[in-house]
Protein chains: 2
Amino acid sequence: MAKTSITNNRERAFIQRYFAPLAAEYPGAYALQDDCAALTVEAGHQLITTVDAVAAGVHFFADDCPSDIAWKALAVNVSDLVAKGARPLAYLMSLALPGEPDQHWMQDFADGLSQAQSTFAMHLAGGDTDIRDGPLTITITAFGQLPTGTMIERSGSEPGDRLFVTGTIGDSFLGLQLRHSKDDAIGAKELSANDRQVLLQRYLRPAPRVELYQALNQMARASIDVSDGLIKDIASLATASGVGAEIDAPKVPISRSAAQMLRTGPYGLDDLLTAGGDYEVVAAVAGANADAFQAEADKAGIAVTDIGVVTLETGVKVKEASGALLRLDETGYDHFSNRG
Amino acid sequence: MAKTSITNNRERAFIQRYFAPLAAEYPGAYALQDDCAALTVEAGHQLITTVDAVAAGVHFFADDCPSDIAWKALAVNVSDLVAKGARPLAYLMSLALPGEPDQHWMQDFADGLSQAQSTFAMHLAGGDTDIRDGPLTITITAFGQLPTGTMIERSGSEPGDRLFVTGTIGDSFLGLQLRHSKDDAIGAKELSANDRQVLLQRYLRPAPRVELYQALNQMARASIDVSDGLIKDIASLATASGVGAEIDAPKVPISRSAAQMLRTGPYGLDDLLTAGGDYEVVAAVAGANADAFQAEADKAGIAVTDIGVVTLETGVKVKEASGALLRLDETGYDHFSNRG
């Protein structure tokens, strides 16, 4: 149907140049010279897998730095693995380019993937590359492993469980505003260069909490990564578990940089609680294990904060500093999104 | 960045309506209600995986029947698994829709997936769905399994090996011409309705040779699926193995329907040998095992034909009926294709 513009030999050279180095240490990748990869799973373990596509104009800006685009494409998938208590292993990448790629662009993209996979202790195992109409799209299938039957589902939380969240919430939302809005409009005129950089980086290079997978695997009753917005994702967890949740809003961890920007801008805590793209983890942990979970997280070097409790009554309530209870709908960024 | 047009609840309802039935019998799919799937691999086995995207205007026509589009999206991936000697197990699907889908379209698409996965003995295990600009794109990650260390690579063939091909070659190419050209131009005016239907179906619904995976796993030294064109794929196998090949052109199996169309049209055997989309398998089998392989294929109900031999001298030679030797370049349909 389509006439070829890049010959098979050039495709092969392209893959060998940019992507084969990312697969070099994974024997099952067969140096990206075969049609399939072979994944070895430890005895008594299952392979955990997820696929997510990121597309220009929807999940990132086409003129974002290629290394940041690559990083995010892998990170959003690793975030899912970690929230399920799995140790990341490897990934496949299906790359759709809108035209023949510029060499500098490709090298920077490959560098970003390389940085991400080193950070997450993963290897490229295979993939496919096409040039076709439409936005630049990176579809990554990520693989992790865990002892058979121990995947931490969304369901499983019980009334009385404590709700922990990793890291800080809302930085990515503010970083997104910094990325595409005028400083005047978002109260960023007086933001220090450092705060600006912190928030932008959190948007461009989300950092899934890989170090926490084991503590989650051992102690979380239910968990989910925060991709659609903290409240919305807690609601998804609660709904899947047939329970509700009560969140203590002032306890939700906010970075100093975010607090700085809230002080001078139009945004409030509610925006941060319902925005998406944090790629933190929310975990429900039995009350009796809360201290132990906190201790394990400390050991792993990941900040976790107890922000509320699982309730018998369904629905998510958010308790404000005044003591007022707000009942929020499931709102926030939605990945089943229309054209960007 | 993008404003949502379909709420999360509607996305959930959409997935539960059309796709959850395809995952119902696979426990590791968690009824498509979690972020990851869990794949269980038998002890002593590896998971074999591959990802391929098919896009409207490149790999199929946007107005093809949705059930055919779905079938093909899964079939092209299964073809890779089978050629590697793996038994198909499950798949993930990442679906990019150019707009909110019509209900009839979606139901027909889901029906096609259902037919394909039943035929290939697979289950849907997970995926993601987005609405975004660009052509309708279906990215499938397919999983199979085989005893650890037994993946049949492209490399591994040795001089003297017999080259077997499954089924018939070139039907899909002729079906593609029937799908998009005027009968006059392609010599199809006198083609019977039955021949027309046979060739069209071979283009629209390629049938990977699932029944042969075990014979390939046990007896092939090297194999590859025929997706880019018979000669090109044999060249890829030979190159990976550091050998050459000599093909006996008159032995290449052609269907009666294809022969009928060649008789009245502009196309010749060369077109069939270099066209793509057959999704048959080419396997190199040690001479001593050739009869046994043939017998196993018979038992599995898959036609295989001995079409040539692996040679010490590199390059692919094609021996014509006259006895003349043609040395062909690697030509044929190229999936690293420009905009359709």
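Over which residues of chain A does the pLDDT stay under 50? The stretch is residues 1-6 of chain A, for which the model has 25 contacts beyond four places in sequence. Here pLDDT is the predictor's confidence in each residue, from 0 to 100, and contact means heavy atoms within 4.5 Å. The pLDDT is also below 50 over residues 330-340 of chain A. That stretch has 57 contacts in the model beyond near neighbours in sequence. Where pLDDT is low, the predicted coordinates should not be read in detail. Chain A as a whole averages a pLDDT of 92, and 94% of its residues score at least 70. For the complex, the predictor gives an ipTM of 0.92 and a pTM of 0.93.

This is a predicted model, in which local features need pLDDT of at least 70, side-chain atom pairs count only at pLDDT 80 or more, and totals for chains, interfaces and linings use all residues. Residues are numbered from 1 along each chain as its sequence is written, chains are lettered from A and ligands numbered from 1 in the order in which they are written, and side-chain values use heavy atoms, with hydrogens and water left out.

Five strands form an open sheet of mixed pairing, in the order 4(A)-3(A)-5(A)-2(A)-1(B). Helices (H or I, at least four residues) and strands (E, at least two) are DSSP runs, numbered from the N terminus. Two strands pair if DSSP finds at least two bridges between them. Strand 4 (123-131) of chain A and strand 1 (37-39) of chain B stand at the edges; each has a single partner strand, so one side of each lacks a neighbour in the sheet. Neighbouring strands are turned by 20° against each other on average, direction ignored. Strand 3 (residues 87-97) of chain A pairs with strand 4 of chain A in the parallel sense, over eight bridges. A:Tyr91 has A:Leu124, in strand 4 of chain A, as its bridge partner.

Helix 4 (residues 103-120) of chain A packs on the sheet and touches strand 3, strand 4 and strand 5 of chain A. Its direction makes about 165° with that of strand 3 of chain A. Axes are lines fitted to C-alpha atoms, for helices over the stretch in contact, and angles run from 0 to 180 degrees between N-to-C directions.

In chain B, eight of the ten residues of helix 5 (residues 171-180) are buried, so this helix is largely enclosed by the rest of the structure. Buried means under 20% relative accessible area, exposed over 50%, partly exposed in between (1.4 Å probe, protein chains only). The cover includes helix 7 (193-204) and helix 10 (256-264) of chain B.
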